[in-house]
Amino acid sequence: MTVKPYNAHDSKKEQVRAMFDNIAPRYDLLNHTLSFSIDRLWRRRTVSMAAACRPARILDVATGTGDLAVDLARGIPGAAITGVDLSEKMLAVARRKVEARGLAARIDLRQGDAEHLGFDAASFDAVTVAFGVRNFGDLDAGLRELARVLRPGGRVFILEFSRPRNRVFRALYEFYTFRILPLVGGAVSRDRRAYAYLPASVGGFPAPDAFLDRLARAGFSSLGKRSLSGGIAHIYTGEI
């Protein structure tokens, strides 16, 4: 069953766009606070893995407020970063962040749809997605599009939440994620449904091995996964 932010009738894609437009002003504050800033460590790990491939052109899909794009620019000197996101209001935050850090010459931010990327085939050496694939309207179509824009030998790096395997740890994680996070996030952002959807979308996302199968069906090979913080998140990798 597809998990949607607001209702069962309208398209997931348009609801996700509206949701992120709504929560954009408080997104960074809530994201870092509610994750105890561990998301910063996960992004740095993703950057270090991508840097090993020495990519010259990187596409960051679902770039949001630009945190991963900024980390990529800082961690991979000389690389040109293109960030794409559905939400113009999230991109507005990202543009201010990029300008403030003096990275506007290296980071190009555009509004766009992960399922219909406006780039030629084989345009990028690496594609990254941080906490975005579970929001794709059509997951398989989005993954095929990531594969299409990668050059032969190019790699994908997907950072996404998952459910811990340890039962005790999972119980603690799910109590925080499904009980505490929606209350605090909903109150601060004034969009309770958004902060109910975000954890629910983690529960509805494929388990790690099942997600690797989806990557394989999309055309990726040399697949891998790296568990982070006891399985709260994973970095998935693949090659074209």
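Predicted model: local features only at pLDDT ≥ 70, side-chain atom pairs only at ≥ 80, totals over all residues.
Residues are numbered from 1 along each chain as its sequence is written, and side-chain values use heavy atoms, with hydrogens and water left out. Ala-24 belongs to helix α1 (residues 12-34); helices (H or I, at least four residues) and strands (E, at least two) are DSSP runs, numbered from the N terminus. With a relative accessible area of 3%, Ala-24 is buried, where buried means under 20% relative accessible area, exposed over 50% and partly exposed in between (1.4 Å probe, protein chains only). From C-alpha to C-alpha, Ala-24 and Glu-88 are 9.3 Å apart in space, although 64 residues separate them in sequence.

Glu-88 leads on to the charged pairs. A salt bridge is taken as a side-chain nitrogen of Lys or Arg within 4 Å of a carboxyl oxygen of Asp or Glu, and the count by this rule comes to 15. One of them joins Glu-88 to Arg-95, with 2.6 Å between the closest N and O atoms. Glu-88 is partly exposed at 34% relative accessibility, and Arg-95 is partly exposed too, at 31%. Glu-174 forms another salt bridge with Arg-163, whose closest N and O atoms are 2.7 Å apart. Because Glu-174 lies in helix α6 (residues 167-189) and Arg-163 in the loop between β5 (150-161) and α6, this pair ties together parts that are 11 residues apart in sequence. Arg-163 is partly exposed, with a relative accessible area of 37%.

Lys-97 and Asp-67 also form a salt bridge, with the closest N and O atoms at 2.7 Å. Lys-97 is in helix α4 (residues 88-100) and Asp-67 in helix α3 (residues 67-75), so the pair links parts that are 30 residues apart in sequence. Here Lys-97 counts as buried at 10% relative accessibility, and Asp-67 is buried at 14%. Elsewhere, a network of salt bridges links Lys-13, Asp-113 and Glu-115.

Attention now turns to the nonpolar interior. In soluble globular proteins, nonpolar side chains tend to be buried together. A nonpolar core is defined as a set of buried Ala, Val, Leu, Ile, Met, Phe, Trp, Tyr and Cys residues joined through side-chain atoms within 4.5 Å. The largest such core holds 31 residues, and those with the most contacts inside it are Trp-42, Leu-72, Ile-81, Ile-107 and Leu-159. Two or more residues each come from α2 (38-51), α3, α4, β3 (107-111), β4 (124-130), β5 and β7 (233-239). Helix α3 gives the most, with 5 residues. Leaving aside its neighbours within four places in sequence, Leu-72 touches Val-47, Ala-50, Ile-58, Asp-60, Ile-81 and Thr-128. A second, separate core has 26 residues, including Leu-139, Val-156, Leu-212 and Phe-220.

Aromatic rings come next. Rings of Phe, Tyr and Trp (its six-membered ring) pair if their centres lie within 6.5 Å; planes under 30 degrees apart count as stacked, over 60 as edge-to-face and the rest as tilted. A search of the whole structure finds 7 such pairs. Trp-42 and Phe-161 have ring centres 5.9 Å apart and planes at 80 degrees, so they are edge-to-face. Since Trp-42 lies in helix α2 and Phe-161 in strand β5, the pair ties together parts that are 119 residues apart in sequence. Trp-42 counts as buried at 5% relative accessibility. The rings of Phe-211 and Tyr-236 are likewise edge-to-face, because their centres are 4.7 Å apart and their planes at 70 degrees. With Phe-211 in helix α8 (residues 208-217) and Tyr-236 in strand β7, this pair bridges 25 residues of sequence. Both Phe-211 and Tyr-236 are buried. Trp-42 and Phe-161 also form one aromatic cluster with Phe-131.

Just after α8, Gly-219 takes a positive phi of about 115 degrees.

Methods
Contact = heavy atoms within 4.5 Å.
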